[in-house]
Amino acid sequence: MRDARPCRTGLNARTAGKMAGAGLAAVAAWVPCRSWGWAAVSFGPHRGLSALLPRKPQRAPRWLPVCRQKTSVSFLNRPDLPKLAYKRLKGKSPGVIFIPGYLSNMNGTKALAIEEFCKSLGHACIRFDYSGVGESDGKLEECTVGKWRKDVLSIIDELAEGPQILVGSSLGGWLMLHAAIARPDKVMALIGVATAADGLVTQFNQLPVEVKKEVEIKGVWSMPSKYHEDGVYHVQYSLIKEAEHHCLLHSPIPVTCPIRLLHGMKDEIVPWHTSMQVADRVISKDVDVILRKHSDHRMREKADIQLIVYTIDDLIDKLST
């Protein structure tokens with residue numbers, strides 16, 4: 001892969017002022033990056049992510065291979081709640097917490113690469129399994145978005161020390177927003193990877209009326225997915241209805257910390273426009289949206305992982321100065 005040079009913003013203050021007058025105040029810069037195959041949209045008055053993403057080859061290796069697990073599994077005991085399996089790497093602040101996607105566990109490509117990157121910097125890192133998933137206790141059919149939200153807050157409250165950067169993938173991106181709302185004193189920055197804010201509810205509401213009626217009667221939605229070995233996820237109707245209480249995109253989202261939203265334009269599960277909606281709804285002034293032209297929902301190819309860890313590195317620098 002060619003060297004990823006820093007990209008410069010293409011809008012001066014006068015142009016940004018004209019855009020603001022045209023009702024486009026949120027968009028401050030559009031930054032095409034030819035060698036990476038991605039483009040960034042910067043929301044707010046800050047300098048943005050690449051001017052915006054200073055390259056530090058001595059800190060950020062060109063490629064982080066999927067590494068063997070070197071941390072042992074521990075369990076967080078919670079009264080009246082399922083035990084959560086987690087792996088914690090101790091280190092400097094700010095720490096990084098990886099929040100996985102729907103039915104994904106803590107041993108995925110992104111989770112392992114992020115942990116290895118944090119280890120190379122000497123920073124703390126936590127990855128974990130939701131209740132009902134992976135090595136954690138609980139029954140999947142009894143899980144809800146609200147319960148998984150509690151899982152994330154338990155990890156932050158009981159395990160994380162000091163300020164944290166949350167990296168949320170898909171469903172994890174939705175939950176990281178809730179965590180930032182609930183724990184503003186501890187959550188210092190967010191990185192969303194294919195952020196699926198309101199995702200399950202939006203997808204269900206787009207179904208034909210007769211299909212929704214059938215799901216309501218059966219109690220299960222057989223949601224097609226090329227990422228499941230059976231080609232379909234069996235989603236409880238009760239989970240969808242409960243998820244409606246956690247939707248965020250209908251009103252301003254009270255998150256004020258720096259936010260970076262990474263999304264693949266080939267995402268067939270969660271359209272990249274969702275990240276643009278999130279950027280528009282959060283009240284933070286420091287928001288960047290980065291679109292990768294050829295990336296899909298998983299965003300786990302080499303260039304995707306490299307972008308994720310560079311973004312973590314950039315935010316660590318920002319929070320440390």
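In which kind of crossing, left-handed or right-handed, does H2 pass H9?

A: The model is predicted, and what follows describes that model. H2 passes H9 in a right-handed crossing. Two packed helices are described by the angle between their axes and the distance between the axes. Here the axes of H2 and H9 come within 10 Å, and they cross at roughly 40 degrees. That angle makes H2 oblique to H9, because angles under 35 degrees count as roughly parallel and those from 65 to 115 as roughly perpendicular. On the H2 side, the contact is made by Thr109, Lys110, Ala113, Ile114, Phe117 and Leu121. On the H9 side, Ile305, Ile308, Val309, Ile312, Asp313 and Ile316 make the contact.

Helix H9 covers residues 302-320. At 1.5 Å a residue, its 19 residues should span 27 Å, and the end C-alpha atoms are 27 Å apart, so the two values agree. H9 is also mostly covered, with 14 of its 19 residues buried.

Next come the charged pairs. Side chains of opposite charge can pair when their charged atoms come close. Nine salt bridges are found in a search of the whole structure.

A network of salt bridges links Arg260, Asp286, Asp288 and Lys318. Within it, the side chains of Arg260 and Asp286 meet in a salt bridge of 2.9 Å, N to O. Arg260 lies in strand S11 (residues 259-264), while Asp286 sits in the loop between helix H8 (273-281) and strand S12 (287-292), 26 residues apart. Arg260 and Asp286 are buried as well.

A further salt bridge joins Asp151 to Arg78, where the closest N and O atoms are 2.9 Å apart. Asp151 counts as buried because its relative accessible area is 1%, and Arg78 counts as buried because its value is 9%; the cut-off for buried is under 20%.

How values were computed: Residues are numbered from 1 along each chain as its sequence is written. This is a predicted model: local features need pLDDT of at least 70, side-chain atom pairs count only at pLDDT 80 or more; totals for chains, interfaces and linings use all residues. Side-chain values use heavy atoms; hydrogens and water are left out. A salt bridge is a side-chain nitrogen of Lys or Arg within 4 Å of a carboxyl oxygen of Asp or Glu. Buried means under 20% relative accessible area, exposed over 50%, partly exposed in between (1.4 Å probe, protein chains only). Helices (H or I, at least four residues) and strands (E, at least two) are DSSP runs, numbered from the N terminus. The expected span of a helix is 1.5 Å times one less than its number of residues. Axes are lines fitted to C-alpha atoms, for helices over the stretch in contact, and angles run from 0 to 180 degrees between N-to-C directions. Angles under 35 degrees count as roughly parallel, over 145 as roughly antiparallel, 65 to 115 as roughly perpendicular and the rest as oblique. A crossing is left-handed if the near helix is turned anticlockwise from the far one by less than a right angle, and right-handed if clockwise. Contact means heavy atoms within 4.5 Å.
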